[in-house]
Protein chains: 2
Amino acid sequence: MKLLLIGATGSPYFEHCRREMLDFLRSSKTVGLLSAANPFDEQAYFVAMKEHLTRNGLSTAKELIHICWNSNWRPSLNKIDALVVPGGNTFVLLKRLYQSGLIEALRYKIREGLPYIGSSAGANVTGPNILTTNDWNVAGVSHFEALALVPFNINPHYVERSASDAPNSETRSQRIREYHQFWNNPVVGIEETAVLSVVGATAPIVSKGRVKLFTKDGRQRSFGSGEELVWDDWTSSFEGSFEGEKEIVP
Amino acid sequence: MKLLLIGATGSPYFEHCRREMLDFLRSSKTVGLLSAANPFDEQAYFVAMKEHLTRNGLSTAKELIHICWNSNWRPSLNKIDALVVPGGNTFVLLKRLYQSGLIEALRYKIREGLPYIGSSAGANVTGPNILTTNDWNVAGVSHFEALALVPFNINPHYVERSASDAPNSETRSQRIREYHQFWNNPVVGIEETAVLSVVGATAPIVSKGRVKLFTKDGRQRSFGSGEELVWDDWTSSFEGSFEGEKEIVP
């Protein structure tokens, strides 16, 4: 399994992680782009994204094709040798993965080796559930289990409290503490410019941006460039600080 | 129906809206406090809140009693002549309102005239649904319909984009635009220091803080001290700019 998890899609798209992305896609010829997180005009989004990626160094030898959740996506999915899922609304994305049947197909394909790049919402859905997204559940989704490719939940666009936030609203770490009142699995906050390169059960940070690991016991640990998150599997400890559980129970 | 809707509980509790709160509770003798939005230690929270409110001017002639969602709340609810519901996690609050049966009891009591003060999560639940909260759904709640005492959804702790937010995450107005891709009712952003005094279908802003009305057609309008939101009823227009619908459809 080979994932590139990115804290934000960024503007211009993927500019902040251009090198990591091109490196990750080095041996891919046909790259799929799933736009299902976009609650507005997916076709226009794909066109703009394709233009940006091509201009910003995606080899012209590569084909970028649109994976549309609401049309016949199977032939396209079978054609690609890497998949990119950018941000948008995580609840909208998850709803469409279930509606289309893509949830099972993606889980299978990615576990079998399809390289996957997910930014923001696209990173969120690789965790066990999406309940640590910053997005609002505008689609009224009532199921939250996601791809469960990694044993930790993700909070993208991670920031510490900043002076000009609404001063009396919760910080990310307070929200994560609330999450751990109900759930056992760790949460990884990914700063906007941070990129995690997951291979199996190891995830080196391949960017200047940092990530922060929060475990149920209240501990926090930051990881920067050159460091790596390491876990054994679902049932074993996470960097020694997390007593993992296979079942996620509310 | 008489509601006081406040953008934040604040620190110290209710200090920023002390005068409006005391004024609202002027003729109440027995005030209930429902702590169900607090995902941690509700008893400790009640004790701290009671101490603050008493020190900050809540008359000693008034009795402040704890309404506990997970014990026999009916006798307490029948005793009070005003209810305060402070912030915390909106999903946790709504889950407990359903679990306990308080959702129906509160809807009835408040419609019959029980004065209600709601801040943050406590304000959110007075709308048709809670899908415009800033909170995370840490409790994995799958039903979102709330008290529907007012025809608009609420976004508390409202702020415009600030320079030190994570620069590539959505602004509140972008999130509200996403909401309006799926839902028809208006959304009211309430700044932390803003207080809306709802009487029937009129809500004057009784604070320095401002509120902002967002309608499905994309229009936004700010209201400050001395101005008021006015709507006729569920089926009629909202300040002329909103074509209301009785049914909220996803």
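Let me begin in chain B, where Leu213(B) has Arg221(B) as its bridge partner in strand E11, strands being DSSP runs of at least two residues (E) and helices runs of at least four (H or I), both numbered from the N terminus. What you see is a predicted model, in which local features need pLDDT of at least 70, side-chain atom pairs count only at pLDDT 80 or more, and totals for chains, interfaces and linings use all residues. Residues are numbered from 1 along each chain as its sequence is written, chains are lettered from A and ligands numbered from 1 in the order in which they are written, and side-chain values use heavy atoms, with hydrogens and water left out.

Leu213(B) belongs to strand E10 (residues 211-214) of chain B, which pairs with E11(B) (residues 220-223) in the antiparallel sense over four bridges; two strands pair if DSSP finds at least two bridges between them. E10(B) and E11(B) form a hairpin with five residues between them, and Gly218(B) in the turn has a positive phi of about 95°. Strand E7 (residues 187-190) of chain B also runs antiparallel to E10(B), joined to it by four bridges, and there Val187(B) stands opposite Phe214(B).

In a regular strand the side chains alternate between the two faces of the sheet. In E10(B) both faces are covered, since Val211(B) and Leu213(B) on one side and Lys212(B) and Phe214(B) on the other are all buried, where buried means under 20% relative accessible area, exposed over 50%, and partly exposed in between (1.4 Å probe, protein chains only).

Another buried residue of chain B is Leu33(B), which counts as buried because its relative accessibility is 0%, and which sits in strand E2 (residues 30-34). Leaving aside neighbours within four places in sequence, Leu33(B) is in contact with residues including Phe46(B), Met49(B), Ile67(B) and Pro86(B), contact meaning heavy atoms within 4.5 Å.

Now to the place where the chains meet. The contact takes 42 residues from chain B and 42 residues from chain A, and the area buried between them is about 3,700 Å², of which carbon and sulfur atoms give 59%; buried area is the accessible area (1.4 Å probe) that two parts lose on being put together, summed over both. Phe40(B), Trp136(B) and Val138(B) supply 21% of the area that chain B buries against chain A, more than any other three residues.

How many salt bridges are there between chain B and chain A? The count is two, a salt bridge being a side-chain nitrogen of Lys or Arg within 4 Å of a carboxyl oxygen of Asp or Glu. One salt bridge joins the side chains of Asp135(B) and Arg175(A), at 3.3 Å from N to O.

Arg175(A) lies in helix H7 (residues 172-179) of chain A and counts as buried because its relative accessibility is 8%. The side chain of Arg175(A) also meets that of Glu170(A) in a salt bridge of 3.6 Å, N to O, and Glu170(A), at 18% relative accessibility, is likewise buried.

Within chain B, finally, the side chains of Arg96(B) and Glu42(B) meet in a salt bridge (3.3 Å, N to O). Arg96(B) lies in helix H4 (residues 90-100) and Glu42(B) in helix H2 (residues 42-55), so the pair ties together parts that are 54 residues apart in sequence.
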